[in-house]
Amino acid sequence: RSRAPVSLRPSSLPPSLPNADASRLMSSTLRGGAPSSKAAAEVKWQPSAASELHDSCNLFVLSLLGFGSVYALLTNHQASHRLLTTVGFMYVLLDSAWLLAVPTVVKSPGVVIAHHAATLLVLLDPLLSPSHSVYTSACLLVEINTLLLLLRRKMSYSVLVEVPFIISWVLLRNVWYPLLMFFFILCSAPGTLGPLFPRAMVEARRRIEGPEAVPMRFVSMVSWTAVCVLQLKWTGQLFAQHPWFGGRNKARDRERRTEGARGKAKAFL
């Protein structure tokens with residue numbers, strides 16, 4: 001007497017999972033009765049309605065911050081610098097609360113929350129020392145690149161967005177940010193460190209803040225250094241995975257090596 005085939009797919013497994021991810025969770029379920037945390041962690045992050053809403057809100061706010069910083073720096077409008085400092089601090093604070101409540105709206109919530117915490121410590125200095133608020137505008141220029149980062153997802157990685165995204169990434173995150181880091185180190189102890197820095201940089205600080213300026217808080221300077229280190233980490237990930245720089249071929253090679261190792265293990269067993 002023939003029987004109906006028994007399905008090995010767990011009823012709790014979402015139908016939208018990719019085949020490879022589904023196989024990993026299925027094999028874990030067959031071995032132990034429930035998907036292991038390791039197998040669940042290997043499942044790739046997928047966009048959702050919540051993540052789309054989060055991106056849309058960020059697009060709006062980051063447009064204001066990015067282009068607002070350009071206006072403030074071009075006009076040197078002190079009230080605009082101070083407004084950007086307050087709005088930027090509140091935005092990062094609220095976005096951190098959103099990520100803590102719904103961490104699935106981003107791919108790597110832990111890293112983003114750590115970045116937000118460092119950013120809040122950076123903004124603490126211009127909040128308490130309004131004469132430093134011009135540095136907020138200098139830092140927020142990078143949000144133009146973040147805006148392009150969000151747009152490239154929504155526009156299916158169109159070359160019209162990808163080219164300015166890559167160029168602005170390198171110029172703002174890998175050139176401008178480290179320059180600001182060295183400048184902020186000077187600002188944290190201008191009297192002690194001034195002789196060690198180029199004269200042009202020392203004069204620039206005096207023109208911006210005046211000869212009797214308040215030194216930048218040490219915690220804000222160290223936090224900015226941590227933000228710069230994160231940029232290097234993200235830059236490595238971006239170029240390692242980007243198809244223009246052989247990212248897809250590298251991923252395909254890794255997958256082939258993994259499949260080959262599995263085949264050898266099965267043949268040995």
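Helix 6 passes helix 8 in a left-handed crossing, meaning that the near helix is turned anticlockwise from the far one by less than a right angle (clockwise would be right-handed). Helices here are DSSP runs of H or I with at least four residues, numbered from the N terminus. This is a predicted model, so local features need pLDDT of at least 70 and side-chain atom pairs count only at pLDDT 80 or more, while totals for chains, interfaces and linings use all residues. Residues are numbered from 1 along each chain as its sequence is written, and side-chain values use heavy atoms, with hydrogens and water left out.

Back to the pair: the axes of helix 6 (residues 133-140) and helix 8 (residues 159-188) come within 10 Å and cross at roughly 160°. That makes helix 6 roughly antiparallel to helix 8, a label for angles over 145 degrees. Axes are lines fitted to C-alpha atoms over the stretch in contact, with angles from 0 to 180 degrees between N-to-C directions.

Who touches whom? On the helix 6 side you'll find Y135, A138 and C139, meeting W176, Y177, L180, F183, F184 and C187 of helix 8; contact means heavy atoms within 4.5 Å. By class, that contact has nine nonpolar residues, no polar and no charged ones. Nonpolar covers Ala, Val, Leu, Ile, Met, Phe, Trp, Tyr, Cys and Pro; charged is Asp, Glu, Lys and Arg; the others, Gly among them, are polar.

Now for helix 4 (residues 78-101) and helix 5 (residues 109-128), whose axes come within 10 Å and cross at roughly 155°. Helix 4 is therefore roughly antiparallel to helix 5. The contact of helix 4 with helix 5 has 11 nonpolar, six polar and one charged residues.

How values were computed. Helices (H or I, at least four residues) and strands (E, at least two) are DSSP runs, numbered from the N terminus. Angles under 35 degrees count as roughly parallel, over 145 as roughly antiparallel, 65 to 115 as roughly perpendicular and the rest as oblique.
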